[in-house]
Structures are given as structure tokens and as C-alpha cells.
Amino acid sequence: MIRKEYIRSVLNIFASSPFKPLGLHASKAGEAVRKLGESVDAFCNGDMEKVEQLNHEIDVLEHEADVIKQTIRSELSSSIMMPVNASDLLNFLKPQDSISDVAQEVSFWLTLRKFEASEEIRKGLLELMAKTLETVEEYEKLVDTLSELLETSFSKRDVEDSLTLVVEVEEMEHQVDLVEKDLIKKIFMEEESSGGASVYHLVRLAAGIGDIADKAENAADRLRTMIMRR
Amino acid sequence: MVLFDPLLILLVIAGLYMAWNIGANDLANAMGTSVGSGALSIKQVIIIAGTFEFAGAVFFGKRVTSTIAKGIVPIDTISLLDTHLVAIGMLAAVLAAGFWITLATFYNLPVSTTHSIVGAVLGFGLIAAYQGIIAFGEIQWGVLSKIIGSWLVSPLLGALFAFLIFSLIRYSILQKTDDPYMIENRFVILQTMTACYIAFAHGSNDVANAVGPLYAGLHALELAGTTIPLWVMVLGGIGMVFGLATWGYRVIETIGTKITELTPTRGFSAEFATASVVVLHSFSSLPISTTHTLVGSVIGVGLAGGLAAVDLSVIWKIVVSWIVTVPVAALTSALVFLGLMGIGI
């Protein structure tokens, strides 16, 4: 195309910024977790048809996130100069990508079996999901600050704002951990009445949802490394 | 000797073709940065570019034009032997440079019109020396090495200036504000001014690539004295503005959509640095590549942490084109000269 265009430009010195797709990638992860929240709701209400439908939608989101991740990776050749270290950027992209991966996995497990447990466990599961979603949404806010950071080319104040958000994500993830442990304990306490298959299923779900918050915390932590080691 | 000498007419046509190319591509490259940042619309850029390019060419283009015409090859010595030799040699030089630029543009190689014309004029000097018309020592090697040195220095100087300017903006303005987007809005006005500045700078340096050989021919045929006639500079200016109006706008559009990362503060830094370096060289009568200086300036802004992603692989392409252009243009020019002599012009 360029050959026919009779254009002689050296301005391909401007490479495409990886930060915009990074933000888009984070919002895909957030979207997947929001849909997972709806799916957990439907699961607890016994609406398995909706669980199936949401599972399909989460699959699509996870795939879109994968494509964005691949694009970012393929465009970061060694000749690209950025205000941050390229390997730091890739290191933070990885756990961010795991958020939608794990959401997809949990969503699949939701479709396998109906919810058959006590009201207390239902509440526990919903609380765990709500806290995880909060953590991921806080993480989305953190990624949003990247564009402002770039705009002011990392002003001290903006860096501090971002670092505060990292600490908040970490604190929220800790809360998720507590809820998760509590819930798993309760699941085992009811093993007599609910049966082994149900226990395994519910534990798998609780661990998976907790893992999502873990990935968000991990990504936040590496985002801090990226900002600090600039 | 009349002004309607066929040689002169050919020199004017070839010079206009070079001017068209410079306006269509080089000027468009320099102006594309203003469109990319969203500071100016394409229409505004074309009006600014046309006006200031023309002004730069007419009012500040004579020094570099004189260097291309008389600074490298001793045309006065050659014209003592035969006044037509200079006109033929210079015609060969513009044809060779124009041919190389056309080829490079079709293949999107980052070749500089400045490097091409300097190489081509040198080629004429070398073949003249080879044929015993002048001595090898009469070629102005000192001036030539100063020119080639400036090709290395100008992008580096652009990078340094841009780095300093953007760092200053960064520490004194961007990092102290609550609303960086408002700062960007304020820089739109400043960037409009640097767009004028860079067009003026470009005109003052690059017009020489088109009309330097024409002036050499006029001078040798005793149709022009030691000062360059105004109409020559006006001709070059018109040619470049014509190139911008007929093709350059498309190049600007293409570039503008590619470089949305260049916000007004970044664009201002890169343009101000580039224009200053180019004007400095125009003042020192040295022909340099505006586009290569601009690339250096963009890298400078990137080094200061101002850009999300800069692709440094362009540097290698430039270095290669730099090394290839001078010998190729020189050789082509020498061959064209021999060809023109052979068919008895």
C-alpha cells in the first residue's frame, strides 16, 4: 500500500502505544468478573440457564482479552523505547491476563452442578464474590491512572495517587482471603448433609473466586514495580 | 546568451520537480506533527505551511542555496573553460537527485533530498576532476566535510534541544498541575506558532535543494551575479507550496492519523527544537535534512519520558539511507553528465 502511495515518511518512529490496549485489556478482565458476579447470583438462585448463557459471554470476553494480550506482546520489539521497562510491562500484563482466565474457569465450574447447600453458604459465596468484584474494580481504577501518569510523564503526585490505589487493592485482597477461608471452613462443616461432590464443587468455586482477587493483587503489585523502576 | 537557453529551461523544470518533491514529502513530514497532536486542522496546516515555507525560502534561503551552487564545486573555475559545462553538470545533478528521490519515495526509504543533491553536485565535481577540467584539490573538501558533519550533528542537536525543552515543560508545568489536559489545550496556541516556525525553517534550508543548481547555471552563464535573483527564490518557494497543495496534504493526512500520541506539549518540544536547529544551520549556510532532525527531536522527547512508545529501528534505516544516498547520487550524477556530454548538449 505504502509503495503505491508515493509517501516518504520517517515518522513511523512513532510506535503504537501499548498503554491504551493495556487499559482495554484490564477492562475486559473487569467485564468478565462482573459477568461472573451475575453468574454466581444466578447460580445461587438456581437459574442454570442464565449461568450457561453467562458462561458463553465470559468465554468471548476471555478470548478478546487474549487477542489484546497477543497484540501488545507482538508489538513490543526490542527497538521500542518506552518510559517504562518493557519486561516490567510484560510482567504485569501476565497476572492481569490471568484475571479473565480464572473468571472463565470459575464460570465453567458454575455450569457443572446445581447449588445445593445452606443459606449460610449461599450468603458466604455471594459475599466472597462481591468482595472479589470490589477488588477487581479498584484494580481497574488503578490501571486507569496510567493514562494520567503518562500525560504528566509521571509527576510525583500522580505516582503517589497510583501507589495509594495499589495499597488499597492489596488490603481488599486480604479481606477476600479472610472471607474465603471462613467460607471453606463452613463448607466442610456441612459435609454430612451436602455430600462429597457438593463439597468439592463449592470448595473449587470458593478457591477460584478468591484466586481472581489474588491475580488482581499480583498485577497491582507488579504495576507498582513498573512505576517505581522507571 | 538569452534566458530562453534550452539548458536553462531544463534546469528550471528539473528544479521545479525537486521543489515539488520537497513540498509533497519533506514539508508534509515536518507539518504532520502539528496535525497528529490535533492542534491544527489539515486546512490550517496547509495555509500556515504554504505561507511560511514561501517566506522562509524567499527571505532566508539564499545562504544555503549559495552553498549548494558554489560552495562544493568551484563553478567559477569550470565556467572559465566553458560556461555550458556548469549548466550541464548542474542539470545532471538535479536529474540524478530527482531520480533517486523518486525511486526512494516509491519504496518509502527515508532518503533526504538534501543528501541527494549534495551527493549529486559532488558527483559532478568528481567527474569534472576526473576529466581534468579541475584539480581534485579544487573541490571544497573542507566545506563538504563541514556539511557531512552537520548531518551527524543536526539530529543529535535536535534530540538534545527537544530533551531539554520537554524536560523543562515536564518539571516546571506538567508535574505541578492538577489538570494536565488543560495544559495541553494551552499549548495548542504555542504549537500553532512552532508550526509557522518549522515551516519557515524548512523553507529556508530546503529551497536550496531545488534552486541551488539553477542559480549555479545562471551564474555560470552570467545571467546572475554574486547575489541570487529574487525570482529564483520565488520559483523555489512556489514549487514547494505547489507540491504541498497537490500531494503533500495526503502525506500530512496519512502521518497525522498515525501519530496521535504526539500531544501539543510533546509536539511543541519536538517542533521548536527542530526548527531552531534548522534555522541555525540555514544561518551557517549548511544544508541539512529537516526530517532527520525532526526524528532526532522526537527521540529527545521520548528520552525525556514524553512518549508512550518510540520505535528506534528508524535510526538504522536513516543511517543506511545516509550511507547509500551520497555515493549513489554522485555516481548517477556523473553518469548523467557523461551521457549529456555524449549526446552533444
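This is a predicted model: local features need pLDDT of at least 70, side-chain atom pairs count only at pLDDT 80 or more; totals for chains, interfaces and linings use all residues.
Where in chain A is the place of F154(A)? F154(A) is found in the loop between α5 and α6 of chain A. Chain A contains eight helices and one strand, and 34 of its residues are in contact with 57 residues of chain B.

**Chain A as a whole**

- Chain A has 230 residues, and 53% of them count as buried.
- Read from the N terminus on, the order of elements in chain A is α-α-α-β-α-α-α-α-α.
- The C-alpha trace of chain A spans about 75 × 45 × 20 Å along its principal axes.
- Taking contacts in chain A between residues at least 6 apart in sequence, 85% join residues that are at least 24 apart.

**The loop between α5 and α6 of chain A**

- S153(A) belongs to the loop between α5 and α6 of chain A, and its phi is near 45 degrees, which is a positive value in a residue other than glycine.
- S153(A) has a relative accessible area of 0%, so this residue is buried.
- F154(A), placed in the loop between α5 and α6 of chain A, has a phi near 60 degrees, again a positive value in a residue other than glycine.
- F154(A) counts as buried because its relative accessible area is 6%, and the cut-off for buried is under 20%.

- K35(A) is part of helix α2 of chain A.
- Is K35(A) buried or exposed? Its relative accessibility is 18%, and therefore K35(A) counts as buried, given that the limit is under 20%.
- The side chain of K35(A) makes a polar contact of 3.1 Å with the side chain of E57(A).
- With neighbours within four places in sequence left aside, the residues in contact with K35(A) are L54(A), E57(A), I58(A) and L61(A).

**Size of the interface between chain A and chain B**

- The size of an interface is often expressed as the accessible area lost when the parts come together.
- Between chain A and chain B, the buried area is about 4,100 Å², and carbon and sulfur atoms give 56% of this area.
- Y6(A), R8(A) and M81(A) together supply 25% of the area that chain A buries against chain B, which is more than any other three residues supply.

**Polar and charged links across the interface**

- On the side of chain A that touches chain B, the elements giving two or more residues are α1 (2–5), α2 (19–44), β1 (80–81), α5 (119–151) and α6 (156–189) of chain A.
- Four residues come from α5(A), the largest share of the side of chain A that touches chain B.
- By type, the residues on the side of chain A that touches chain B comprise 16 nonpolar, nine polar and nine charged.
- Two salt bridges are counted between chain A and chain B.
- In a salt bridge, the side chain of R157(A) meets that of D178(B) at 2.1 Å, N to O.

**Strand pairing between the chains**

- β1(A) is joined by two bridges to strand β1 (residues 310–311) of chain B, and the two strands run antiparallel.
- Within β1(B), D311(B) is the bridge partner of I80(A).

Conventions
Residues are numbered from 1 along each chain as its sequence is written. Chains are lettered from A and ligands numbered from 1 in the order in which they are written. Side-chain values use heavy atoms; hydrogens and water are left out. Contact means heavy atoms within 4.5 Å. Buried area is the accessible area (1.4 Å probe) that two parts lose on being put together, summed over both. A salt bridge is a side-chain nitrogen of Lys or Arg within 4 Å of a carboxyl oxygen of Asp or Glu. Ala, Val, Leu, Ile, Met, Phe, Trp, Tyr, Cys and Pro count as nonpolar, Asp, Glu, Lys and Arg as charged, and the others, Gly among them, as polar. Two strands pair if DSSP finds at least two bridges between them. Buried means under 20% relative accessible area, exposed over 50%, partly exposed in between (1.4 Å probe, protein chains only). A polar contact is a pair of N or O atoms within 3.5 Å; within protein, one must be able to donate a hydrogen and the other to accept it, and residues adjacent in sequence count only if both atoms are side-chain atoms.
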